[in-house]
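Take a look at the charged side chains in this model. Where do they pair, and what surrounds them?

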Amino acid sequence: MARNEAYRKAEQKIEEARRRGATELDLSAEWDALDEKKLTELPESLWKLTQLQSLNLSRNQLTAVPATIGQLTQLQSLNLSYNQLTAVPATIGQLTQLQSLNLGYNKLTAVPDTIGQLTQLQTLNLGYNKLTAVPDTIGQLTQLQTLNLGRNQLTTVPETLRQLTQLFSLNFGGGEQGLLDWLLDIEDNDSKIIGNLIENLPEWIDQLVALNSLYIGGNKLTDVPTSLARLKHLEVLDLYNNPLNFELAAAYEEGLDAVKVYLRAKAGAQIRLDEAKLILVGEGEVGKTCLMDALEGKEWEEHPTTHGIEIRTISAVDSASGTEITLNGWDFGGQRVYRPTHQLFFSAPAVYLVVWKPREGPQAGFVKEWIKLIKHREPEAKILVVATHGGPQQRQPDIDRQELWDLFGKDTVLDFFHVDSKPDENGQRRGIAELKDAIARAAAHLPEMGREVPKSFEEARQALTASNAAYLPLDEVYAICAQHSMDDELARLFVAISHRLGHLIHYAHDPALRDIVVLKPSWLATAISFVLDDAATRDAQGLVPFSRLRQLWDNPTHAAANRYAADLHPIFLRLMERFDLSYRVAGLPNHDDDHSASLIAQLVPDTRPEKRLARAWPSAPSGGDSQQTQICRIVDEKGQSAPAEGLFYQLIVRLHRYSLGRAHYHDSVHWQRGLVLDDDYNGVALLVHKGNDVHITVRAPYPEGFLQRLTGDVKYLVESFWEGLRCDVMVPCIAPCGQNDPGNGLYEVSKLIDSKRKNRPEYPCPACHEWQDIDSLLRNAPAARPLPTHVIDNREVLAEVRKLHGRFDNLDAGQKILLSQADANYTSLLQLFTDEAKEGPRLFSFVPVDRRNFDPRKWIRAKFRLTLWCEHSRLPLPSLNGPDSKKGVYEIELTRDWFKKAGPYLKFLTGTLSLVLPVASSAIKFDLDDTAYEAIEEQLDLSSHIISATLGEGAEFGKLMGAADSTALEHGEAIRAEGGALRELHAILKAKDPSFGGLVRVLNKRQEFLWVHEDFAGEY
């Protein structure tokens, strides 16, 4: 039988190990090795190496392991991961000295019972297989500390696991392993399972008393047992991508501490909620408010145009169950300018009424458009289409029901009704009773109906509603919570959860808003509507001075309920900024709190400013710049092009930090479907809304970083705000198609990657039909690449970057590239460890306390001085607080083992900080003198040397992970340890100083936590 190259090399390694009496043998393949360089069978001579203690056979193409493996009875570590194994021989049970067994990333459908004989096992990886069950004998592995069962097909947590009381880490999900897959570009086309199929965690989970980390993301959990809160050592809980109930999901977004507090509250008295949201939408003057009157049973009256939103409570009874349901009815004003604003208040589960007038027809009523708007914001919405103003003299409703059912499905558009809200001569309202019954039936089947919540939560919410206040100071809200048996910790969580569920509005991380709680969103929406309706602001192309806003919000011609006190006006302005409706402009005369001006993005000009655009965006790039383009194609769940209502208005606000007018507003270049941006050395960008898609072009010496960031911002906004839409990243054809440059032909990046995986080097252009090189196309697609995980190359590069401290006026192209790449690495660092930021900061530097006697090659345990850094300014806290301040500086004892576990993160961190430091102070206009700057440089250099020496890599510290081709493995494998290591550090620091040196936890526009110095909290 012919043997491949891998087999022959394995025989040589085995013979060498026999001659040397080696106890370790590595027969694994490289990550990017071709198949002919991977083992498909194992040489017989391997089983004669009975002295082996460690054997690595990973990343090969093995489909079976012979029973003779049982002869290697001295093995302590066996790695068979990333093969094609469908079974494991029972003789594996003879390897009774095994402490680590890795069978992950295979095709195992079962594990032999004999695995229970491996009683010395501390680590067992069975993740990413096809297991539907595990043998009960696993419960005999009482020394087990790490167990990975993620990415299988388990439907329950095996009962036998309750015996594993030494477990430190338990994985049933995708979790960190999922991130590893992404980094390594791994795909399993046979399985769509993200974690497992587990629907419930057992109550006995608290018997795993040593548990520190529990990964159960990507399953089918709607809840977790309250016993989970009794796990005293639990520091990591991954529940991502589960259909969690609303309160638990909101608590999880706040972090592990919030989940524990919520579970403790839930362990007490509970109350059942039979209530739902009822939302009425449609064009103006179609009778929505009159319909709400009729549903409520109020007498008939004519109503003026609705400003903003009106909210009322309606009672209904589900005829099938007899359940009385409370409907919170939201009546939305129909003016088109309100649509982007109203989407902020859409929330599923809810029953939606799309209201239209038969006399004007469904097209004039934009019935299809309203359904799309709802569906794209809330895919699970339940919709009833209601024709109003019926009666014998009125036109009968003429609407193509089948078309709407074909487009949206009967599970979305439930039914059609024709009603008359005005009573006839007999006092009857045509169709209202039938409509109300249908609303109750639909509401009864919403997922939140009948849910149980902590009794204290519901009682506090009812008390706040009974107050009839539009807003309350936060202290008063806490006082009401205290009256209902909530301590401060639980009250904070109640407010946070209520905000996430839309019951109230409170921004805990915003210094300008954290002391007020808005109890009536309708009150706020009305205030915003006065601005959107203002003719003077529209005539000024959206630019409005604060003095004008004061007039709009305290207009003597308005009813008393719609006049707002002066102390609320700054709060309204900040709330509009939080909602991405406006931003404060710079560079205008008399720019202070009372004379500032804001741009209302929805009211910017609808025509392109040709002359200003030509100056800001010439026909060709400047010398030394290259140009790259990506297209964000917005599509619905069927892959059809779809609108994201109000997307560009939000982008104008969200991206204003890059605006040409960030220093002087009149330098801005923007219109309703386009804007020009500038990020200094990272380049200039043009964003244009063409059809439903966003075209992003960047010009710079290194355009990849800025292009990736902007594409990521657009993609995140689309897919988080409009849950029924997705954003497919496209790249244009290389050679010009037709008459355009770049070409008309667009390639979907995911399809290019799929073809490349299948070893197809080219892909045909859908427009010009020419075959293009895939690698060349992907070079124009930075959004398709994994985040950078290695720092720029070497000591010489670091020295070149450091020369730039304080000198950014005349950068050459090479220097711009270096700084842009450093920025890209910094972004990667924060994004890769987003989950960890829930619990504590990610940036720090460290030096030994006793430098003179510290040997980086031999140390076992030592005291370090650790300094926290601000994640906004990228500077250490002493630089911001003053050199004599000790805030954020700690002496802690660390072990060499912890350093090794956290090593790749520490290298990535230290290397990245070294590269961003030269530009950090300049970016925030902070004066960091040369002495302080050099002292920080020296600390980072020492840290890098310690890390390299500790990991056995000599004194080389410029590289993070070695060659770029090998970074994925090293970083990916490290992720599993580093996340835990960083959380361990958070626990140590929190015990010393719960305030983390005064760092403030804020939320950015992507709902990611950052830890920033208090001076910068207002930026968020």
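This is a predicted model: local features need pLDDT of at least 70, side-chain atom pairs count only at pLDDT 80 or more; totals for chains, interfaces and linings use all residues.

Are R574 and E577 buried or exposed? Both residues are buried. The side chains of R574 and E577 form a salt bridge, with 3.2 Å from N to O. Both belong to helix α17, which covers residues 569–578. They sit three residues apart, about one turn of the helix.

E5 and K9 lie in helix α1, residues 5–20. Four residues separate them, again about one turn of the helix. Their side chains meet in a salt bridge at 3.4 Å, N to O. E5 has 30% relative accessibility, so it counts as partly exposed. K9 counts as partly exposed too, because its relative accessibility is 47%. The cut-offs behind that label are 20% and 50%.

Next comes a pair from two separate elements. R874 and D823 join their side chains in a salt bridge of 2.9 Å, N to O. This pair links distant parts of the chain, 51 residues apart. R874 is in the loop between β33 (861–870) and β34 (875–876), while D823 is in helix α24, residues 813–832. R874 has a relative accessible area of 17%, so it is buried. D823 counts as buried because its relative accessibility is 7%. Buried here means under 20%.

R657, D713, R1006 and E1008 are linked in a network of salt bridges. How many salt bridges does the count come to? The count comes to 39.

Conventions
Residues are numbered from 1 along each chain as its sequence is written. Side-chain values use heavy atoms; hydrogens and water are left out. A salt bridge is a side-chain nitrogen of Lys or Arg within 4 Å of a carboxyl oxygen of Asp or Glu. Helices (H or I, at least four residues) and strands (E, at least two) are DSSP runs, numbered from the N terminus. Buried means under 20% relative accessible area, exposed over 50%, partly exposed in between (1.4 Å probe, protein chains only).
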